Amino acid sequence: MTAKKVQSGQSKWYKTQLLLKNEWIKSFIPDTRRMSRRNLEQMMHSYGMIYIKPERGTYGIGVIRAERREQEGYTYQYEETLRRFTTFEAFHHSLVKKLGKRSYLLQKGVHLLKHNGRRFDIRVMVQLSPKGVWEATGIIGRLGHPRKIVTNYHSGGKPTAVEHLLSTHLSAQQLVQLKGDMNRLGTRIAVQLKKTFLHHRQFGVDIGLDRSLKPWIIEVNMNPDPYIFNQLKDKSMYRRVMRYRRYGLKH
């Protein structure tokens, strides 16, 4: 893989553009635009809640959640700090100072499902099998820190079995179907990205479920952490992920 390809692979914007080329995958991608005053104003007005993300970055570092409410004005939260503004101008001015010179993206906010009042999302690990077929080898929930907006393990999120998080939201039969849908989405994403990242053998697909249980692609991680699966009591998924990973490192 060329240095340029590796570098591009870390750009959330570049990966989003690659995925948008696939009409089927496109319907699972929240509206995503580059940060500008115009885009910010339009998206805040259209959606009421958005996420502002560094174009390059990992572990949820630098992610901001912004909201607009009719009577209360504008707010944004970074880590555990929430700031309030009565006008868009004051809100925008403060954000620009906060973001500095780094490149950021705006993404339509997904109102994530909650478990005991805490937001969670799902990580699907997709790996190339020894037979050369993409397989979803692991699926795990990430339960967010109660006072934070991101679910990442490095930001205080707790790796949790998907069955535990979703048991209060749907039946056992619905759970099996939803897990299958998310696994299929993960493998389709891997097939699409492999066209560009020819030597890549694994991807971590972060999926947010909204209140109607529709899956949304939050992000695709090029170098997903396999060790979060070791946090589960049942180690079979972790062993499978590591077996495929070791095979991938040899080939």
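Tutor: Let us begin with the lining of the largest cavity, which by class has seven nonpolar, three polar and four charged residues. In this scheme Ala, Val, Leu, Ile, Met, Phe, Trp, Tyr, Cys and Pro count as nonpolar, Asp, Glu, Lys and Arg as charged, and the others, Gly among them, as polar. This is a predicted model, in which local features need pLDDT of at least 70 and side-chain atom pairs count only at pLDDT 80 or more, while totals for chains, interfaces and linings use all residues. Residues are numbered from 1 along each chain as its sequence is written, and side-chain values use heavy atoms, with hydrogens and water left out.

A cavity is a set of points, on a 1 Å grid over the protein atoms alone, where a 1.4 Å probe fits but cannot get out, and its lining residues have an atom within 4 Å of a point. The points are joined across faces, edges and corners, and the volume is the space filled by probe spheres set on them. By this rule there is one cavity of 30 Å³ or more, and the largest cavity holds about 160 Å³ of space. Of the 14 residues that line it, Lys12, Thr16, Gln107, Ile218 and Glu219 lie nearest its centre. The elements giving two or more residues to this lining are α2, β6 (104-108) and β12, where helices (H or I, at least four residues) and strands (E, at least two) are DSSP runs numbered from the N terminus.

Is Gln107 buried or exposed? Gln107 counts as buried because its relative accessible area is 10%, given that buried means under 20%, exposed over 50% and partly exposed in between, with a 1.4 Å probe and protein chains only. Leaving out residues up to four places away in sequence, Gln107 touches Pro30, Asp31, Thr32, Met43, Ile50, Tyr51, Lys53, Ile217 and Ile218, where contact means heavy atoms within 4.5 Å.

The largest of them has 34 residues, and Ile122, Val124, Leu166 and Ile189 touch the most other members. Two or more of its residues come from each of α2 (12-20), β8 (118-128), β9 (134-143), α6 (162-166), α7 (172-194), β11 (202-209) and β12 (215-221), and the largest share, seven residues, is given by α7. Ile189 is in contact with Leu19, Ile25, Val205, Ile217 and Val220, again without counting residues up to four places away in sequence. Another core, of 16 residues, lies apart from this one and includes Met44, Ile50, Ile52 and Tyr104.

Strand β11 also holds Gln202, which counts as buried because its relative accessibility is 12%. The side chain of Gln202 makes a polar contact of 3.1 Å with that of Gln127; such a contact is a pair of N or O atoms within 3.5 Å, and within protein one must be able to donate a hydrogen and the other to accept it, while residues adjacent in sequence count only if both atoms are side-chain atoms. Beyond four places in sequence, the residues that Gln202 touches include Met125, Trp134 and Arg245.

Met125 and Arg245 are also among the contacts of Pro226, which include Tyr238 as well. Pro226 sits in the loop between β12 and α8 (236-250) and counts as buried because its relative accessibility is 4%. Although Pro226 and Arg239 are 13 residues apart along the chain, their C-alpha atoms are separated by 9.8 Å. Tyr238, in turn, belongs to helix α8 and is buried because its relative accessibility is 16%. Leaving aside neighbours up to four places away, Tyr238 touches Pro226, Tyr227, Phe229 and Asn230, and its C-alpha atom is 8.2 Å from that of Ile228, ten residues away along the chain.

Definitions and conventions
A nonpolar core is a set of buried Ala, Val, Leu, Ile, Met, Phe, Trp, Tyr and Cys residues joined through side-chain atoms within 4.5 Å. On a 1 Å grid over the protein atoms alone, a cavity is a set of points where a 1.4 Å probe fits but cannot get out, and a pocket is an open set with protein on both sides within 12 Å along at least five of seven lines; lining residues have an atom within 4 Å of a point.
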